[in-house]
Amino acid sequence: MIESTVGAGKEGGIDGHDIEQLEAADAVRLRAFELSREPDADTPEENWLRAEREFTVEHEYDTIDRDLERIGITLARLPAEAGVVWRLTLPRGERVEAWEPGNRGLAPPAAIARLLEQVAAGKPLVPSPPLSTDPGASRLREMIEEQRQALLAHDPGTRLGEDPENLHQHRVAARRTRAFLRAARSSLDPVWRRSLLGPLSELGGATGPVRDLDVLLEHVRGELRVLDEPDRSAGDLVLAALEREHEAARRTLLAVLDGIGYRLLHARLRLPPRLASGVESIPLEKIARKEFRRLLAIVDRLGKHPGESEIHALRIMLKRVRYAAELAAPDRKEPRRFLADAKILQDLLGEHQDAVVVEQYLRASTVSDAASAAAFVAGRIAERQRTRRALVREQLPAVWNRLRKSGAHLH
């Protein structure tokens with residue numbers, strides 16, 4: 001049955017919210033269990049999302065490139081007691097509704113699909129949560145899309161592996177996405193958030209070792225250039241061992257980039273964020289202030305002589321604070337100054353961490369030929385890492401005090 005109306009309200013169709021919440025949750029849970037027992041079952045998260053689409057959760061449909069949204073068209077699937085209502089709303093307010101019996105149909109009925117043939121241009125229509133008009137949710141969506149574009153831009157270069165900066169930027173985009181999801185976690189649907197965090201965690205586990213070795217190799221090559229000639233041959237043995245480890249880490253990375261999890265990650269990132277049940281807004285400025293207070297608490301507990309692991313934890317927390325402040329879309333002078341100061345401190349802590357990583361790898365590396373000479377050269381380079389860390393520690397108090405002062409405006 002199809003019905004066309006102009007400016008119709010609730011009377012023009014069945015409201016999906018009429019179903020009792022308890023019954024809806026039970027129906028979704030049962031259907032997800034049924035799907036898990038089928039031969040082509042997906043992951044538990046995917047089964048749950050499919051069950052939601054089939055039953056009680058309202059979704060808007062669009063192409064993966066959001067072609068309908070761009071020209072002001074919306075297509076919604078509204079669960080009803082004995083079926084579903086498909087509601088197409090055009091830019092000038094015309095509304096077309098089609099009711100289907102049952103709840104397993106996940107594609108728009110033919111009458112509506114025909115109206116969208118030119119707009120969709122052959123692309124499949126896929127479900128996503130209804131778009132939120134909240135500024136915080138819109139900002140989160142904008143920032144996640146920015147990271148998705150960065151992942152795509154640096155994907156080919158990361159696979160090629162000739163310029164380490166591609167992997168660096170690819171890794172930064174994934175890390176920023178994780179930080180945004182973490183900062184807004186109390187406002188986001190937990191199932192949707194976990195569906196992203198799983199592949200992001202797998203990706204981070206694969207990119208991290210390669211990035212560490214990229215930094216290490218660059219530094220060791222620079223150190224070897226200033227060594228005396230008798231030490232260089234031994235240094236080459238150290239370098240060869242690190243390059244073999246780098247090649248093995250890259251093989252692991254490429255396997256992850258070719259895996260299903262990475263492909264699903266890109267598909268999910270193209271859809272709008274899904275807010276948690278009952279949440280209508282994301283308070284980004286409040287989130288940024290909360291993260292900064294956590295940073296202050298960590299620093300206050302550090303003492304005058306923090307250990308290596310404590311400094312590393314501070315660096316991680318600082319990144320989270322910085323990304324939360326970026327997510328809050330600062331348009332005042334004070335937050336911009338804070339972000340600049342945070343970047344300076346983050347770079348300083350990054351220098352310290354790089355020195356830690358270089359020393360750890362050199363201590364762990366083993367060379368079968370001319371072992372004593374290689375160990376001597378590795379020891380010389382490792383000692384320089386201690387000097388690097390000492391210089392960083394000297395600068396930390398002044399840089400931190402400047403950041404703390406600029407961060408006071410976030411309270």
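1. In this predicted model, D134 is found in the loop that runs between β6 (126-128) and α6 (135-160). Although D134 is buried, it has no salt bridge, and the nearest side chain of opposite charge, that of R139, is 11 Å away.

2. What the side chain of D134 does have is polar atoms placed by backbone nitrogens: that of A137 lies 2.8 Å from a polar atom of this side chain, and that of G136 lies 3.1 Å from a polar atom of the D134 side chain.

3. Leaving aside residues up to four places away in sequence, D134 touches E280, S281 and I282, and these contacts deserve a look alongside the backbone nitrogens of G136 and A137.

4. Which residues of helix α10 (residues 260-269) are buried? They are G261, Y262, L265, H266, R268 and L269. Because these residues cover an arc of only 165 degrees around the axis, they fall on the same side of α10. As background, an α-helix has 3.6 residues a turn, so residues three or four places apart point the same way.

5. For the chain overall, the model shows 14 helices and six strands, and 47% of the 411 residues count as buried. The accessible surface comes to about 21,100 Å², with 53% of it belonging to carbon and sulfur atoms.

6. Finally, among contacts between residues at least 6 apart in sequence, 70% join residues that are at least 24 apart.

Conventions: Residues are numbered from 1 along each chain as its sequence is written. This is a predicted model: local features need pLDDT of at least 70, side-chain atom pairs count only at pLDDT 80 or more; totals for chains, interfaces and linings use all residues. Side-chain values use heavy atoms; hydrogens and water are left out. Buried means under 20% relative accessible area, exposed over 50%, partly exposed in between (1.4 Å probe, protein chains only). Helices (H or I, at least four residues) and strands (E, at least two) are DSSP runs, numbered from the N terminus. The arc is that of the directions from the helix axis to the C-beta atoms. Contact means heavy atoms within 4.5 Å. Accessible areas come from the Shrake-Rupley method with a 1.4 Å probe; for residues, only the protein chains shown count as cover. Lys and Arg count as positive and Asp and Glu as negative; His and the chain ends are not counted. A salt bridge is a side-chain nitrogen of Lys or Arg within 4 Å of a carboxyl oxygen of Asp or Glu. A polar contact is a pair of N or O atoms within 3.5 Å; within protein, one must be able to donate a hydrogen and the other to accept it, and residues adjacent in sequence count only if both atoms are side-chain atoms.
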